[in-house]
Amino acid sequence: MKSVSNPGPSRASCDRFKLTLGALTAVALACAAQPAQAAIYTFQNIVNPTGNLGGTGDSNFNQALGINTAGTIAGYAGDGVVVPNKGYTVVAPFAPANFTSENFPGSVQTQVVGINSNTPPTTVGFWINGVGTNFGFVDQNGSFTSVTNPNTGTGTVNQLLGVNNGNITVGFFTDGTGATHGYTYNIGTMAFSANIDDPNGIGTTTATAINNSGEIAGFYVDSAGNTHGFLDVGRMFLTVDDPNGNGTNTMLLGLNNNNQAVGSFVDAAGETQGLLFNTLTDTFQTISDPNASATPAFNVTGTTINGINDQGDLVGFYSNGTQVIGLLATPVPEPATLSLLAAGLIGLGVVARRRKAG
């Protein structure tokens, strides 16, 4: 496994966060501290090879896209050409029998992208009809609702990509002129927000994730055609570019409630790498599945991280050169954490012996 982190935040970076987030004390402390050691992950493939998703499972193409605090993963199988996209959720131990098919009724293709931590969880994504039009959807305990932003006009693309525990979803639409705009949708009130447009990429903004505080992550394309990640806090926008990349293709795709965002960037060799970004310390870590390849499969190279939960578990997908495979990356506890746990267990043992002796 590969784990790389960059040096600590620059003063300019810390100042940007102070202005954007307004958390002067918290950011000052974060910037004064030494950057945390890069996390180490164990990786597990998420694949449904048996075709039990309505007979359309695909061992050659799986993408894990969202994960909640219970560890339930949302995603889809099928490349969309040879095998149609079919949505699913899956629970541990992630064996074929633990996959549950989730497809919008009557759809030709479905992708399940976001999942929250409610009981039962709400999932969101998009479905495609027979002429290729994309519609967002919400699934609450098996009850599906199709979602189309009224500003879409003659456009043909609506997608919902993330949902928080308040059942506020986030996504984007493409209007009749071809411009792309982010938006939020309140499932309870069925209300749409005003368009979300990064000022550096008007007409090219995609909103991908929202946390419980209403902070939004996504990406935009600038006038030169370069893609940049962004964070939106109360419509104050911060551009996020991974310093390990070539500066032309960074995307933020997931966001949790613990100041962590995930996504991807393209390195100098042209390979896609996953990223983990700490929004308080302005630090990055490259996340690469140990089996990832620079050889494309279905136009996918390297590793993409698409979702993160509050425990820091990551989901995404990678190319091994011939297949696209879903992944789950679980952080390994730091030695200090293990020592504290061991000390706690020893302490409990001492208490138990004292009680027994008494």
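The following exercises, with worked solutions, concern the predicted model shown above.

Residues are numbered from 1 along each chain as its sequence is written. In this predicted model, local features need pLDDT of at least 70, side-chain atom pairs count only at pLDDT 80 or more, totals for chains, interfaces and linings use all residues, and side-chain values use heavy atoms, without hydrogens and water.

**Exercise 1.** Determine how many helices and strands the protein has, and what share of its residues is buried.

*Solution.* Step 1: helices (H or I, at least four residues) and strands (E, at least two) are DSSP runs, numbered from the N terminus; the protein has three helices and 25 strands. Step 2: buried means under 20% relative accessible area, with exposed over 50% and partly exposed in between (1.4 Å probe, protein chains only); 51% of the 358 residues count as buried.

**Exercise 2.** Locate aspartate 289 and state whether it is buried or exposed.

*Solution.* Step 1: aspartate 289 lies in the loop between strand 22 (283–288) and strand 23 (303–308). Step 2: its relative accessible area is 2%, so aspartate 289 is buried. Step 3: contact means heavy atoms within 4.5 Å; not counting residues up to four places away in sequence, aspartate 289 touches Phe43, Thr303, Tyr318 and Leu327.
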